[in-house]
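I am opening a notebook on this structure.

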Protein chains: 2
Amino acid sequence: MSKANLFYAQSGGVTSVINASACGVIETARKNKDKIGKVYAGLNGIVGALRENLIDTSKESKQAIAALRSTPAGAFGSCRYKLKSYAENKREYERLMEVFVAHNIRYFLYNGGGDSQDTANKISQLSLEKGYPITCIGVPKTVDNDLPITDNSPGFGSVAKYVAVSIREAGLDVASMCDSSTKVFVMEVMGRHAGWIAGAAGLATEQEGDAPHIILFPEIAFDKEKFLRKIKSSVKKYGYCAIVVSEGAQNKDGSFLADAGGADAFGHVQLGGVAPFVAKMIKDELGYKYHWAVADYLQRAARHIASATDVNQAYAVGQAAVEFALAGKNAVMPAIVRGKGKRYSWKIGEAKLSAVANVEKMMPRNFISRDGFHITDAAREYLSPLIQGEDYPKYKNGIPQYARLKKQLEKKKLRKWKTS
Amino acid sequence: MSKANLFYAQSGGVTSVINASACGVIETARKNKDKIGKVYAGLNGIVGALRENLIDTSKESKQAIAALRSTPAGAFGSCRYKLKSYAENKREYERLMEVFVAHNIRYFLYNGGGDSQDTANKISQLSLEKGYPITCIGVPKTVDNDLPITDNSPGFGSVAKYVAVSIREAGLDVASMCDSSTKVFVMEVMGRHAGWIAGAAGLATEQEGDAPHIILFPEIAFDKEKFLRKIKSSVKKYGYCAIVVSEGAQNKDGSFLADAGGADAFGHVQLGGVAPFVAKMIKDELGYKYHWAVADYLQRAARHIASATDVNQAYAVGQAAVEFALAGKNAVMPAIVRGKGKRYSWKIGEAKLSAVANVEKMMPRNFISRDGFHITDAAREYLSPLIQGEDYPKYKNGIPQYARLKKQLEKKKLRKWKTS
């Protein structure tokens, strides 16, 4: 069999370490030139395959590829685009096969969350049916940490570190000012469905009184009275109260806290996120001076404060994906397996795509303290290793120097693709 | 003359390097034990002197004081408390003198912005009149960079670095997603009166097309049509648009952009900052999907990404303040003097408190590009050296380990102070 090419694509919301996975994929493929021809990266994810926009990564220098390891976001472009089922949109799958055949692509590596693993799994099945077998390997990625089987998801550890560091620092700021000024600080973090990221902020509390004093999880129905009582008690005891709120924080009826105000009298939808909403509630009810922050993309792009553990794992799953493909595995995803010892260790295992697809791993209730406002020791034990180690990018003129790629496209061979 | 004690206080909004100045003060005083007795730090700033809450820093270990160099926020507590003029509130000044006399304090070092330098100056004059001369030295600090005479203000360089790094990272995130998702990102930064911080974000633009594409300065009246046109053109050229908006961005009539919506029909003041306001305007007018972030305290507390230049200068002004005091100088402030050479250099000079007090240094118009949306080369030349170098704190378990002080108070000798 002649050397086949490999297609790699990034999918969904990006992270500060997804390019470390890309780096693992490309560097490992380059070490196996006898088996793998070119590595194509989809320009803007799977859409790049549909449109036949294939970035020829062989045109990128060794240095540029190495720099991916410390470059945040999706260097080849990502997309929010979920393929429908084969029955619903046969045309898309046929097109993908056509592009893969035209460019002699026999390896498909898809770097994303649950949806992407599902897509990779479907393509694997279809390729067998079509008699053009493609090795499909998933590469796990999501800041939400909600992939099953794998002990954690690459991308999460770095956001976790960012939020823990940020609330520690902002907490000290408020502590300095609280005697005569700001008494309450609210920081909003990501995690629409699960409180993993919010919970990670709890790692900043190493001693009694350390920020954050309150965490609002999506998993715990918001109880306004209890919340306000807790703030008052924190201000009384420590002089201030630092709060981390998940964007997914919910009322008892399952509605998002931030949507509670709904539209105003002019029909304008509320501007803010949940942080300003919560901050204003505190001001109205308790009268405390407040500040609030919404980290938004800053948290998931913060490569400057990435977790070294996370970077290493992100690279390792990229590397393993290529090794799996070369070992003849198919429809699997490298997973992170935690060692049993007291001291944290991890290795790469494997998970079937069919078992990963469309399953969300929620935060266990025993990770949240009884009063619902902080994390437990069990949560600390799980979370703490994931944020360990610093892995600083290179700086020039005070600014991190991230990879700049040529992103040269392979010559097209097929007719233009039109979205149906 | 017997050895006199020194009183040091932190004032106003804190920064990620004000404790580096405290470290410079205390370490230098400790090296001069033959001349300086104890160093007292005011608990929560000048209010600590009024209340006779004097932290005895001699009880802190050498290690704890050294750790201040890499600890953000105000380790002794700061305050938003401006002394009135002597004529308006004689009682406060009398009390300060009383506390200083009771504790044999002959050196007063005040670490703050323009208001604080004014206060230090007043105390200096008064002490002479009262026949109990106190050496008053200002220690410059402000993220706003608005102190005159000194080339820049310690605290600014680190915020500047934070915003430049953050918009570079978030910009890459948006660039990855823009093909099928978010096209506009708005990041709000501090700077109510001047655009120094917003301008510093412009350092992230090193090549054509780099984020940020638009900066909204307080100095440039907001022009909605021009702004929307610029966004459209950025999206057309680069696929996305990353915007940095100063919290002080203003309309032509001088009103803050964020206040434009005013109160809603229920009389509630708008929740959001200017970022969500601007983001929603873009959505309404151009229909682009957007994300926004408000860094708030995260930016000025971000010791993890402090500028090494800033840390060194913050330490140096603390050190120089003590050296000035010992050299018999009075009513002055160490100032940063930029060298004339092409290569950036700096040394410590001195500024009279009377010349510093209550003067705001605004950003020159020639630092802002002609179209009002970015910085010029002149601005780059000034700003770039201030964010150079990284000065990472120590980490344990993935979290920065910041100084934890005992903050043991000196025994009180006077009656309790009541605010009038």
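**Helix α1 of chain A**

I began with the buried residues of α1(A): Ile18(A), Asn19(A), Ala20(A), Ser21(A), Ala22(A), Cys23(A), Gly24(A), Val25(A), Ile26(A), Thr28(A) and Ala29(A). I note that this is a predicted model. The count confirms that α1(A) is mostly covered, with 11 of its 13 residues buried.

I asked what covers the buried residues of α1(A). The cover includes the strands β1 (4-10), β2 (36-42), β4 (105-112) and β5 (135-140) of chain A. It also includes the helices α3 (62-67) and α11 (308-326) of chain A.

I then checked the length of α1(A), which takes in residues 18-30. At 1.5 Å a residue, its 13 residues should span 18 Å. Its end C-alpha atoms are 19 Å apart, so the two values agree.

**Helix α11 of chain A**

I turned to one of the covering helices. α11(A) has 19 residues. From first C-alpha to last it reaches 27 Å, close to the 27 Å expected at 1.5 Å a residue. α11(A) is mostly covered too: 15 of its 19 residues are buried. Gly328(A) follows α11(A) and has a positive phi, near 85°.

**Domains of chain A**

I looked up how chain A is divided. Domain 1 takes 4-142 + 307-358 + 389-400, and domain 2 takes 156-303. Their centres, taken over C-alpha atoms, are 34 Å apart. In the contact I find 15 residues from domain 1 of chain A and nine residues from domain 2 of chain A. On the domain 1 side, the touching residues are six nonpolar, eight polar and one charged.

**Chain B against chain A**

Next I compared the two chains. A rotation of 180° with 0.0 Å of shift along its axis superposes chain B on chain A, with an RMSD of 0.0 Å. The two copies are thus related as by a two-fold rotation axis.

I went on to the place where they meet. Here 64 residues of chain B are in contact with 63 residues of chain A. In chain B, α6 (156-177), α9 (274-286), β9 (290-294), α10 (297-301) and β13 (399-400) each supply at least two residues of the touching side. Which of them gives the most? It is α6(B), with 13 residues. By class, this side of chain B has 35 nonpolar, 17 polar and 12 charged residues.

I also checked whether the copies use matching surfaces. Of the interface residues of chain B, 98% are also interface residues in chain A, so the copies meet through the same surface.

**Ala164 of chain B**

I picked one residue of helix α6 of chain B, Ala164(B). Is Ala164(B) buried or exposed? It has 30 C-beta neighbours inside 10 Å, so it counts as buried. The cut-off for buried is 20 or more.

I listed its contacts, leaving aside neighbours within four places in sequence.

**Strand β1 of chain B**

My last entry is on β1(B), residues 4-10. β1(B) is mostly covered, with six of its seven residues buried. Four bridges join β1(B) to β2(B), residues 36-42, and the two strands run parallel. I found Tyr8(B) opposite Ala41(B) of β2(B).

Definitions and conventions: Residues are numbered from 1 along each chain as its sequence is written. Chains are lettered from A and ligands numbered from 1 in the order in which they are written. This is a predicted model: local features need pLDDT of at least 70, side-chain atom pairs count only at pLDDT 80 or more; totals for chains, interfaces and linings use all residues. The expected span of a helix is 1.5 Å times one less than its number of residues. A residue is buried if 20 or more other C-beta atoms lie within 10 Å of its own, exposed if 12 or fewer, and partly exposed in between; C-beta atoms are placed from the backbone. Two residues are in contact if their C-beta atoms, placed from the backbone, lie within 7 Å. Ala, Val, Leu, Ile, Met, Phe, Trp, Tyr, Cys and Pro count as nonpolar, Asp, Glu, Lys and Arg as charged, and the others, Gly among them, as polar. Domain bounds come from an automatic or database domain assignment. Copies are superposed by least squares on the C-alpha atoms of residues with pLDDT of at least 70 in both. Two strands pair if DSSP finds at least two bridges between them.
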